Amino acid sequence: MASFNYMFLTFVLALSFASFDVGFGARHLLQLPQLPPLPAIPNLPMPTIPTLPTTQPSLPRPGAMPPLPAMPNMPTLPNVPRATLPPLPSFPTIPSTIPSIPFLSPPPAPSTP
């Protein structure tokens, strides 16, 4: 929590020094001689926007359309003899039990006389 307080204090100090420089900059700008006025912007002609249609054109009715042409007959494929696959070999099964790992005992401690 103390580090947060120090970080907050440094942040406040940085902001105060930043505003200090801004004040000097503003005073410097106010003491500059007057700049010449900016040239006037000429009036440009407004472009004409085309008018949008107010009504939607009517669409043709489905009864008035010509009928669709008939679909052509699709060619038939000849019968091809099917290949027979050999039987799959049997795969080994995965054991469902985990073998126990023997725990090694630590070496005996040296005896002290």
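A residue is called buried under 20% relative accessible area, exposed over 50% and partly exposed in between, with a 1.4 Å probe and protein chains only. The model shown is predicted, so local features need pLDDT of at least 70 and side-chain atom pairs count only at pLDDT 80 or more, while totals for chains, interfaces and linings use all residues. Residues are numbered from 1 along each chain as its sequence is written, and side-chain values use heavy atoms, leaving out hydrogens and water.

**View 1. The whole protein chain.** Of its 113 residues, 0% count as buried. The protein chain has one helix and zero strands (DSSP runs, H or I of at least four residues for helices and E of at least two for strands, numbered from the N terminus). Its radius of gyration, taken over C-alpha atoms, is 46 Å, well over the 13 Å of the globule rule for 113 residues, so the chain is more spread out than a compact globule; that rule is 2.2 Å times the number of residues to the power 0.38.

**View 2. M7 in helix α1.** Helix α1 covers residues 2-30 and includes M7, which is exposed at a relative accessible area of 52%.

**View 3. F24 and its separation from A109.** F24 also belongs to helix α1, and F24 is partly exposed, with a relative accessible area of 47%. Between F24 and A109 there are 79 Å in space, C-alpha to C-alpha, and the two are 85 residues apart in sequence.
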